[in-house]
Structure formats: structure tokens, C-alpha cells
Amino acid sequence: MNNILVQEKYGFWTHSSTEQAAFTLINSILTAMNNNQMLGGIFCDLQKAFDCVNQKILVEKLEFYGVEGKFKTLIESYLTGRCQRVTLYIIINNNNLSKWELLKCGVSQGSILGPLFFLVYINDLPTIVNNDNNMVLFADDTSIIITDTNRRDFNVNANQTFQDTKTWFKVNLLTLNLNKTQYLEFRTKNYYNVNTQSKYDQECLTSASEIKFLGLTIEDTLCWKQHIEQVLNKMYTACYALRNIKHTVPIDMLRVIYFAHIQSIISYGIIFWGSSSYANKVFILQKKIIRIITNTRTRDSCREVFKSMEIMTLYS
């Protein structure tokens, strides 16, 4: 299966975490910036992607990848013949159940095979983009980084890529949610904005200055200011909770709470935003939290406290 699935795909299989997907995306952005290229990103949102997988098309794709004979028949039996109904908790006229209806599309969520079938279903999606662009797939999140050397070619490239992507989704009976699909143009702080508009069938993509990507807030200049502000807000909430319970909870339990609710927030994506000039605010708040846990005075150094608690500092 590893030889069948494309390299642009992450999620649902070994060694394909959210941070690896983010690294691929951000690395392609930084590479284009270092090469003085114009670049933008199309971040697609699908409507109920897992529920809209066409079972007939899925079986045809599995057959294309070599699934034949009894194994193919077994998978067809697994996919087809499923029914569902709706149950209302509010009883209306002594009837709170709908009729059973046969499912003609969708893969079973919560199952082992469901995510794998979805990966196979969208496996050929990256083939529609040209070699100068980069696509990153994580489950049903599709992100495309578009690069080019001049404004005219960049505009053509962006619009053509969006058209090809939307056509692929349409052919494969998946629906693109245009209200949540966004276009973000990346730039350096002193770089002019190209103001590209991606259109298809008179429909324009929403332009944004920042997007959410797998738990990271990515801005058009990659300064990480907004993401760090969100990290700080979560830490302030945890800090307030620690201050209220520190008198009734032993220090070893406070340490466990720190790792569960604070360290996990700090560590996620730190390889991307940890070198930002705004990251020092996180370090200051981290020291404040450690002082609360250990009852250390404000003017005392936290260096030995970090060592004794076996907690790494932000810059470690």
C-alpha cells in the first residue's frame, strides 16, 4: 500500500503526522520565498467528504490499483447493502424513527478500512497539478501551493490550478465548500501584493491574510504573530486554573497537569514558530506558570526550578 499512496498524502497511516504535513507545506513556502518566486496557497474545504465517497468509483479505483477477484468481491460486499435511519429524541406522534434507507455513497467512519478507502479515493488528486506547484493532503484537507516567476504566469497558474481541482472534485462527486475554501497569497514584509483572484464558473475564492492549517495559524508573511497569540490565550486559561488549584493539589500532580495542558500547547508546531520574535512572550508566561507551581518569587531565577522539575524551557 505504501507504494500505491502518493507522497503528498498524510494522515491515517504510519509516519504521516500533522507536523510532518505542516513541515512539507511550510518548507515549500520558504523555498519559493528564497527563490524570489511569487506564491499563493489554495486551501480547500470539502463538504462531508467521507459521506460523499461514491462506492462505484471507489471500487473502480481499487480495481485500477490491482484489487481483483475474491478480494474485490469482499470489499464490494463490505461497502454496499448498508442502511441507516434517523432517531429523534423528541417523540412526535408516537413515532421518533425514520424509515431505513439504503446508503449509496460514503465509507464507514470509525472503522479501520474507512480512512484507507478514502486515501485510495483521492490518491490521484495530486496528479492534476503541474510540477512547479505542491499539494499537501491530510485526510480531507487539500492544500495547494502555487509558485511562478512573474505576475502574468502566476495569475494563469493559480486560476488553472483552481479550475482543475474543482473539476476533479466534481468528476469524483465531491463537493467543494467555496464559503470555507480560501486563497492566501504569501509575501515578505516589504513585498507587493499581486492581488490574484481565482475564479471558476463566475465563482471567486475568498482571499485571506491568514488561515488555519492543522492547528497552526499561518499568516501571509509567516511571522506567526496570530498563532502565538492563540497559544498565549490557551496558556492564560491554564495559568488561571493552576493558580486556583495549587493550594489543594500536590506539586507532583501540578507537574502532570502542566505537561497535559500547557507543555502540549507549547510543543505543538514549535519547530515552525519557536524562532519568531514574538515567541519570547510564550517563554515569559511559561516562567510565570512554573513560579506558580513551585511558589517561586517573581524576582528569583527559574533556571534551577526548571532543572529540578525536569521541564524543558521554550528555547530548549
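## Buried, exposed and in between

Buried means under 20% relative accessible area, exposed means over 50%, and partly exposed covers the range in between. Tyr78 has a relative accessible area of 27%, so Tyr78 is partly exposed. Phe117 has 4% and counts as buried. These values come from a predicted model.

## Aromatic pairs

How many aromatic pairs does a search of the whole structure find? The search finds eight. One of them joins Tyr78 and Phe117. A pair of aromatic rings is described by the distance of the centres and the angle of the planes. For Tyr78 and Phe117, the distance is 6.1 Å centre to centre. The angle between the planes is 55°, and the pair is tilted. Tyr78 belongs to helix α3 (residues 69–79) and Phe117 to helix α4 (residues 113–121). The two parts are 39 residues apart in sequence, so this pair ties them together.

Now take Trp224 and Phe272. Their ring centres are 6.5 Å apart. Their planes meet at 20°, so the pair is stacked. Stacked pairs need planes under 30 degrees apart. Trp224 sits in the loop between β14 (216–219) and α6 (225–245). Phe272 is in helix α8 (residues 270–273). The pair links distant parts of the chain, 48 residues apart. Both Trp224 and Phe272 are buried.

## Charges over rings

The charged end of Arg82 sits over the ring of Tyr78, 4.7 Å from its centre.

Another ring with a charge over it is that of Tyr121. Lys61 lies over the face of Tyr121, at 4.7 Å from the ring centre.

## Salt bridges

The count comes to seven salt bridges. Among them is the one between Arg255 and Glu310. Their closest N and O atoms are 3.9 Å apart. Arg255 lies in helix α7 (residues 251–267), and Glu310 lies in the segment after α10 (303–309). Are the two partners buried or exposed? Arg255 is partly exposed, at 27% relative accessible area. Glu310 is exposed, at 62%.

Arg297 and Asp300 also meet in a salt bridge, with 3.0 Å from N to O. Arg297 is exposed at 61%. Asp300 is partly exposed at 27%. A further salt bridge joins Glu304 and Lys307, with the closest N and O atoms 3.9 Å apart. Glu304 and Lys307 are three residues apart in helix α10, so about one helical turn separates them. Glu304 is exposed at 53%. Lys307 is exposed at 55%.

## Positive phi angles

Most residues other than glycine have a negative phi. Leu214 is not a glycine, yet its phi is positive, near 50°. Where is Leu214 found? Leu214 is in the loop between β13 and β14. Its relative accessibility is 16%, so Leu214 counts as buried.

Trp224 also has a positive phi, of about 65°, although Trp224 is not a glycine. Trp224 is in the loop between β14 and α6. At 6% relative accessibility, Trp224 counts as buried. This is the Trp224 whose ring stacks with Phe272.

## The largest pocket

The largest pocket has a volume of about 230 Å³. Its lining is made up of 13 residues. Which residues lie nearest the centre of the pocket? They are Phe43, Cys44, Asp141, Lys212 and Phe213.

What classes of residue make up the lining? There are five nonpolar, four polar and four charged residues.

Conventions:
Residues numbered from 1 in each chain as written. Predicted model: local features only at pLDDT ≥ 70, side-chain atom pairs only at ≥ 80, totals over all residues. Heavy atoms only, no water. 1 Å grid on protein atoms, 1.4 Å probe; cavity = no way out; pocket = protein on both sides within 12 Å on 5 of 7 lines; lining within 4 Å. Points joined across faces, edges and corners; volume = space filled by probe spheres on them. Nonpolar A, V, L, I, M, F, W, Y, C, P; charged D, E, K, R; others polar. Phe/Tyr/Trp six-rings, centres within 6.5 Å; stacked < 30°, edge-to-face > 60°. Helix = DSSP H or I, 4+ residues; strand = E, 2+ residues; numbered from the N terminus. Buried < 20%, exposed > 50% of the residue type's maximum accessible area, 1.4 Å probe, protein only. Lys NZ or Arg CZ within 6 Å of the ring centre and 35° of its normal. Salt bridge = Lys/Arg side-chain N within 4 Å of Asp/Glu carboxyl O.
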